[in-house]
Amino acid sequence: MRNKIFEDSQIRAQKEMVRFLCCTELSGPAVIQTDPAYERLWHYLLIVDRGEVEFRFASQTRKAGPRSLVSIPINEELLGLHYGDNFHGWCLGVDFNTLIEFFRREEFFPGPFRKHFREFLLFENVDNCRTLTKDCRELLSRMCPDGHNYPYNLNYALFSVIMADTADYMERNLPFEEAPKKTVRGEEILYSFMRLCGQHIEEHSSINWYADKLCISPSYLSATIRAQTGIAAGRVLSTIRYERAIKYVNRSSMSLQEIADKMHFPDLPTFSRFFKRHNGRSPQAHRKMVRK
């Protein structure tokens, strides 16, 4: 996970399903600088068991103490974190596309949870912190690896438990009015847009092309995607395109030039700059690291 919110030295236990879900038990101090120029592709839930962690943003600094629940969306421009000496907690990371699919499928989650989960949220003295801690321990012990026949289904179920317990707490404690219900039309547009992206992202990365295919204006499509996800349509396209690119870099025998050609980049340097903007490493450096 590029631009992580913790250091490798803090990891006490970790399980990850590539490009979907990661659960990590953390312990110990760390000072982390993050670069907002890199597009973070994971939404994080951080559960603070003991100690303290400080979050630094451009306009403010927030601190979370013991029994805190912190939600950090991908569009939050987090500049840095400072974990205290006796910090202990759990970090749950979920891929952006998985999160969109989760909210599209699971209609029973309450409006405030759907709406405000897109924002930085910090809750202190969480009364069900022990429940969330138990959920994370369960996820760490039971998460299925990629080699299982049904890893997505099993891990999705475990993830849903954590989301349900988090939503339960937020619904009882969020001081927000009920979010307006999303329109059926908006859900249909988002679903059709994501399906088209899956089929054509290698050839087309312009919002105009997708709007034309959906028979709506680019401005209407952009507004709908932002209303449904809280994220700009251009960033959604860029993220999905990167997801496809890193899949080829990680798992194919194609040369980087062949990948750039397949994904319709004008040349290899342009592809390399795009990849590095998302990953922090060039595709050459990333492939070398993965294949060590």
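Predicted model: local features only at pLDDT ≥ 70, side-chain atom pairs only at ≥ 80, totals over all residues.
**Exercise 1. The loop between β6 and β7**

Task: Describe Gly65 and Arg67 in the loop between β6 and β7.

Solution. Take Gly65 first. At 13% relative accessibility, Gly65 counts as buried. Leaving out residues up to four places away in sequence, Gly65 touches Val48, Gly51, Glu52 and Glu124 (contact means heavy atoms within 4.5 Å). Gly65 and Glu124 are 59 residues apart in sequence, yet 6.9 Å apart in space, C-alpha to C-alpha.

Now Arg67. The loop runs between β6 (61-64) and β7 (68-72). Arg67 is partly exposed, at 38% relative accessibility. Its phi is positive, about 60°, although Arg67 is not a glycine. Most residues other than glycine have a negative phi.

**Exercise 2. Helix α6 and what follows**

Task: Examine the start of α6, its buried residues, and the residue after it.

Solution. Begin at the start. A side-chain oxygen of Ser206 reaches to within 3.2 Å of the backbone nitrogen of Asn208. Move along the helix. Ile207, Trp209, Tyr210, Ala211 and Leu214 are buried in α6. These buried residues pack against α5 (184-200), α7 and α8. Then leave the helix. Cys215 follows α6, and its phi is positive, near 60°. Cys215 lies in the loop between α6 (207-214) and α7 (218-229). At 69% relative accessibility, Cys215 counts as exposed.

**Exercise 3. The aromatic cluster**

Task: Which residues do ring pairs link into a cluster with Tyr242, and how are the rings of Tyr242 and Phe275 arranged?

Solution. A search of the whole structure finds 10 aromatic pairs. Rings of Phe, Tyr and Trp (its six-membered ring) pair if their centres lie within 6.5 Å; planes under 30 degrees apart count as stacked, over 60 as edge-to-face and the rest as tilted. Tyr242 and Phe275 form a tilted pair, 5.5 Å centre to centre with 55° between the planes. Tyr242 lies in helix α8 (residues 233-251) and Phe275 in helix α10 (residues 268-279), so the pair ties together parts 33 residues apart in sequence. Both Tyr242 and Phe275 are buried.

Step to Phe271. The ring centres of Phe271 and Phe275 are 6.1 Å apart and their planes are at 55°, so this pair is tilted. Phe271 and Phe275 both lie in α10, 4 residues apart, about one turn of the helix. Phe271 is buried at 0% relative accessible area.

Collect the members. Ring pairs link Tyr242, Phe265, Phe271, Phe274 and Phe275 into a cluster. The charged end of Arg241 sits over the ring of Phe265, 3.8 Å from its centre (NZ of Lys or CZ of Arg within 6 Å of the ring centre and within 35 degrees of the ring normal). Arg241 also lies over the face of Phe274, at 5.6 Å from the ring centre.

**Exercise 4. Helix α11**

Task: Where do the buried residues of α11 fall around its axis, and which helices do they pack against?

Solution. List them. Pro283, His286 and Arg287 are buried in α11, residues 283-290. Look down the axis. The buried residues fall within an arc of 95°, so they line one face of the helix (the arc is that of the directions from the helix axis to the C-beta atoms). They pack against α8, α9 (256-262) and α10.

How values were computed
Residues numbered from 1 in each chain as written. Heavy atoms only, no water. Helix = DSSP H or I, 4+ residues; strand = E, 2+ residues; numbered from the N terminus. Buried < 20%, exposed > 50% of the residue type's maximum accessible area, 1.4 Å probe, protein only. Polar contact = N/O pair within 3.5 Å; in protein donor to acceptor, adjacent residues only side chain to side chain.
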